Amino acid sequence: MELAQVRLLVTDFPACYRFYADVLGLKPQSGAASGPYEKFSPTTGSAGIALQDRRVMAELLGELAESATGHRSLVVLRVDDLDAYCERISERGAELTHGPAPMTDRMRVAHLKDPEGNLVELQEWLLLRTDRA
């Protein structure tokens, strides 16, 4: 078994597409900016994040018609230099809700939300940094 992707059900597909592609800088698979589906990949690793128009799944399953409330997901992305990455995405319109700040002695994190309110955690693994003592 292999994890293919984590898929987020969204109502404003174009806004979410722009967030993951233009703000976070993930690579879209096909360029389907208006949906109803797109997979995004980071520059390294094999895991992916996909967006699915919520209406499509509601029609398919006969449920999910109402908007989601509360935090139902947390997308986690590892970056090499958290401060530099947060600065870049802030310049592109991202609004951090927390951090960058230590989470543990091994990790620093920052948090933000996509246009649908899904939480995104950016992690910098301190053990992988060679310039820290």
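**Entry 1: the β6-β7 hairpin**

I began with the hairpin that joins β6 to β7 through 2 residues. The model I am reading is a predicted one. I looked up the pairing of the two strands and found β6 and β7 antiparallel, held over 5 bridges. One of the facing pairs I noted is T104, which stands opposite M107 in β7.

I then went to H98, which lies in strand β6. Leaving out residues up to four places away in sequence, I found H98 touching V109, A110 and H111. For H98 and H111 I also took the C-alpha to C-alpha distance, which is 5.0 Å across a separation of 13 residues in sequence.

**Entry 2: cis peptide bonds**

I noted a cis peptide bond between G99 and P100, with omega at about 5°. P100 is placed in strand β6 (residues 96-104), the strand that also holds H98. I noted another cis peptide bond between G35 and P36, where omega is about 10°. P36 is in the loop between β2 and β3.

**Entry 3: the chain as a whole**

I stepped back to count elements. The protein chain has 3 helices and 8 strands. Read from the N terminus, I get the order β-α-β-β-β-α-β-α-β-β-β. The chain has 133 residues, and 38% of them count as buried. I wrote down an accessible surface of about 8300 Å², with 51% of that surface belonging to carbon and sulfur atoms. For contacts between residues at least 6 apart in sequence, I noted that 49% join residues at least 24 apart.

**Entry 4: the four-stranded open sheet**

I traced an open sheet of 4 strands in the order β1-β4-β3-β2, and its pairing is mixed. Which strands stand at the edges? I found β1 (6-10) and β2 (27-28) there; each has a single partner strand, so one side of each is left without a neighbour in the sheet.

As a reminder to myself, strands of a sheet pair through backbone hydrogen bonds, either parallel or antiparallel. For β2 and strand β3 (residues 37-41) I noted 2 bridges and an antiparallel run. Within that pairing, K27 has S41 in β3 as its bridge partner.

**Entry 5: strand β5**

I looked next at how β5 pairs with β8, and found a parallel pairing over 5 bridges. Here R78 stands opposite Q123 in β8.

I also sorted the residues of β5 by face. V75 and L77 make up the covered face, while L74, V76 and R78 make up the uncovered one. Side chains in a regular strand alternate between the two faces of the sheet.

**Entry 6: the largest pocket**

I looked up the largest pocket and noted a volume of about 670 Å³. It is lined by 25 residues, and those closest to its centre are L26, P42, T44, L77 and R78. L77 belongs to the covered face of β5 and R78 to the uncovered face.

Which element gives the largest share of the lining? I found that β5 does, with 5 residues. β5 (74-78) and α3 (82-91) each supply at least two residues of the lining. By class I listed 13 nonpolar, 8 polar and 4 charged residues in the lining.

**Entry 7: the loop between β7 and β8**

N118 sits in the loop between β7 (107-113) and β8 (119-125). Why does N118 count as buried? Its relative accessibility is 13%, which I checked against the cut-off: buried means under 20%. Apart from neighbours within four places in sequence, N118 is in contact with L8, V10, S73, L112 and K113.

G117 is placed in the loop between β7 and β8.

Note on methods: Residues numbered from 1 in each chain as written. Predicted model: local features only at pLDDT ≥ 70, side-chain atom pairs only at ≥ 80, totals over all residues. Heavy atoms only, no water. Buried < 20%, exposed > 50% of the residue type's maximum accessible area, 1.4 Å probe, protein only. Contact = heavy atoms within 4.5 Å. Areas by Shrake-Rupley, 256 points an atom, 1.4 Å probe, with all protein chains shown as cover. 1 Å grid on protein atoms, 1.4 Å probe; cavity = no way out; pocket = protein on both sides within 12 Å on 5 of 7 lines; lining within 4 Å. Points joined across faces, edges and corners; volume = space filled by probe spheres on them. Nonpolar A, V, L, I, M, F, W, Y, C, P; charged D, E, K, R; others polar. Pairing = 2+ DSSP bridges.
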